[in-house]
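Have a look at the structure first, and then read the points alongside it.

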Amino acid sequence: MNKLSLSGTVWVASDIHLGEETPKTARAFYRFLESACDQADALILCGDIFDAWIGDDHAQTDPPDWLAEALTQFRQTASRIPLWIGRGNRDFLMGPDLAELLGARLLPDRVVLSTAAGDMLLSHGDEYCTDDLAYQRFRRIVRTAWVQKAFLGLGLPTRRRIAAWARRRSKAGRAGKSMHIMDANPKAVIDALRKAGCDTAIHGHTHRPATQTLQTPGGPVTRIVLPDWDYEHEPARAGWLSLDAQGAHLIQDTRF
Ligand code: LP5
Ligand code: MN
């Protein structure tokens, strides 16, 4: 299991879904980045930073205005504090070229995060949604090397069209799935914790922020779920997790 040891105060955020259609969310999130630089010793973004990521070359060659702005903001952040970027179910194609462009580091898909608050298992969280069989099938396909290679071999306009289509399909599909199916399966979380030797899991993805205790034969374990960011709709949603010697603090706050 990958391990990441970080000292001081570590902030973790997830599911910002930056894109062309999220200008208000982006502005608020860039104010959050500014605060992270002032108040945290490291920042981890654990997936779905972007609404859809169609390949690192999109950022390298003539990015659209919204993306150019995002790249500038992330570069500024990474020049002040260590910045870790993790892949989610929408930006699983983020790769080392993007990390290098930003001066950031790529977070492994599943990692034991060791901070002053203790050892905690960190991931995006989509892998825990094991009851969502259609999603898990989709996940297996798009995480296959040759599928990714074929997709990345297409021109950017075609990739953009496929991504927009996948997002539309996903949104329409969600309407027909129960909240239960789209939530993390507690057994999947408990199994992952046992394998990792941790008693706390941190993840995003479900957009249902909570600190939850799960009972297991080996004793209680904790699941901390990060909120998503959305300032385009009322009421706005945002938040992050702060890890320090005092423990883990889940902050749900739209002050930015
Ligand atoms: O993201 P969200 O919150 O809407 O829903 C997720 C699951 N959906 C997804 C799909 C993403 O939103 C689409 C991301 C686009 C990325 C750009 C690259 C695209 C191609 C890359 C090829 C290598 O993750 C949703 C879950 C929900 O979370 C809750 O957990 O239910 O799952 C689905 O919607 C899966 C569907 O049930 C089936 C997916 C149909 C889309 C088919 C697109 C195929 C494109 C393949 C191209 C080769
Ligand atoms: Mn997600």
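The numbered points below cover the ligand, its surroundings and a salt bridge.

1. This is a predicted model, in which local features need pLDDT of at least 70, side-chain atom pairs count only at pLDDT 80 or more, and totals for chains, interfaces and linings use all residues. Residues are numbered from 1 along each chain as its sequence is written, and side-chain values use heavy atoms, with hydrogens and water left out.

2. Start with ligand 1, which has 21 residues around it (each with a heavy atom within 4 Å of the ligand). The closest are R90, D132, S170, R174 and K177. By type, the shell holds 12 nonpolar residues, 3 polar and 6 charged (Ala, Val, Leu, Ile, Met, Phe, Trp, Tyr, Cys and Pro count as nonpolar, Asp, Glu, Lys and Arg as charged, and the others, Gly among them, as polar).

3. Which helix gives the largest share of that shell? The answer is α7, with 7 residues. Helices α5 (133-142), α6 (145-152) and α7 (156-175) each supply at least two (helices are DSSP runs of H or I, at least four residues, and strands are runs of E, at least two).

4. Now look at the oxygen atoms of ligand 1. A polar side-chain atom of D132 lies 2.5 Å from one oxygen atom, while for R167 the distance is 2.8 Å.

5. Finally, find the salt bridge between the side chains of D119 and K3, at 3.1 Å from N to O (the rule asks for a side-chain nitrogen of Lys or Arg within 4 Å of a carboxyl oxygen of Asp or Glu). This pair links distant parts of the chain, 116 residues apart: D119 is in strand β7 and K3 in strand β1.

Notes. Chains are lettered from A and ligands numbered from 1 in the order in which they are written. A polar contact is a pair of N or O atoms within 3.5 Å; within protein, one must be able to donate a hydrogen and the other to accept it, and residues adjacent in sequence count only if both atoms are side-chain atoms.
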